[in-house]
Amino acid sequence: GVEIDGEVRHADRVVWACGAWLPALFDVAQITVTKQDTLHFAVPPEWSVPETPAWVDHGGSAYGHGDVDGVGMKATSDAEGRPYEPEHGERVVDPGSVEQARAYLRRRFPSLADAPVLFSQVCQYALTPDAEWVIAETSPGVWLLGGDSGHGFKHAPALAAYVAGVLDGDHEPEPRFGLHPRTPSRGLRTSGHVG
């Protein structure tokens with residue numbers, strides 16, 4: 001059993017999926033956490049969804065989407081940010097991130113280069129060097145799941161079904177998801193940075 005808030009709880013299997021907090025709670029050297037500033041800019045009404053779809057500029061390490069729920073068009077960098085401590089890190093967007101996004105807008109969406117920032121937030125990425133997830137049993141019935149930040153939300157339904165299959169014994173996790181040394185590679189990520 002595990003004691004939580006003074007109560008001992010028992011389970012056959014436990015999955016710790018703690019995002020950016022996983023490497024602080026467990027010895028998971030494969031995962032590093034970086035600060036990622038996201039920005040949304042004001043757009044003309046005709047730039048609404050679906051007229052402006054989600055987009056990815058792999059070579060430019062940028063991605064975004066049209067105005068969803070009135071918070072503006074997301075146009076942000078996916079380049080890996082500086083190391084970040086999620087529990088106590090300052091949740092203020094860096095001025096340099098705003099300027100970087102505006103420089104990108106000047107190049108790809110020039111009419112938005114001076115648009116006001118409508119919404120911004122600090123996110124954290126918890127990533128493995130090879131951008132593959134960690135799905136590993138560390139002791140009988142205790143599983144770690146992580147390394148999916150930045151894209152975990154997009155994959156959540158399929159990832160949950162996959163992990164449920166692992167826990168139900170339908171299949172073993174693929175070896176690439178184990179707690180082993182990893183070779184830096186960004187694969188299909190838009191970070192544009194390796195190593």
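What pattern does the protein chain follow when read along the sequence? It runs β-β-β-α-β-β-β-β-α-β-β-β-α. That makes 3 helices and 10 strands; helices (H or I, at least four residues) and strands (E, at least two) are DSSP runs, numbered from the N terminus.

Some housekeeping before the details. This is a predicted model, in which local features need pLDDT of at least 70 and side-chain atom pairs count only at pLDDT 80 or more, while totals for chains, interfaces and linings use all residues. Residues are numbered from 1 along each chain as its sequence is written, and side-chain values use heavy atoms, with hydrogens and water left out.

Next, the overall picture. Along the principal axes, the C-alpha atoms fill a box of roughly 55 × 35 × 30 Å. The chain has 195 residues, and 41% of them count as buried. Buried means under 20% relative accessible area, exposed means over 50%, and partly exposed is in between, using a 1.4 Å probe and protein chains only. Among contacts (heavy atoms within 4.5 Å) with a separation of 6 or more, 67% are between residues 24 or more positions apart.

Now the cysteines. How many disulfides does the structure hold? The number is 0, where a disulfide would be a pair of cysteine sulfur atoms within 2.5 Å. The sulfur of Cys18 has its closest cysteine sulfur in Cys123, and at 18 Å that is too far for a bond. Cys18 is buried, at 18% relative accessible area, whereas Cys123 is partly exposed at 22%.

Last, the backbone. Most residues other than glycine have a negative phi, and most peptide bonds are trans. Asp5 is not a glycine, yet its phi is positive, at about 55°. Asp5 sits in the loop between strand S1 (2–4) and strand S2 (7–9), and is exposed, with 77% relative accessibility. Ala131, also not a glycine, has a positive phi of about 60°. Its loop lies between strand S8 (117–127) and strand S9 (134–139). Ala131 is partly exposed, at 25% relative accessible area.
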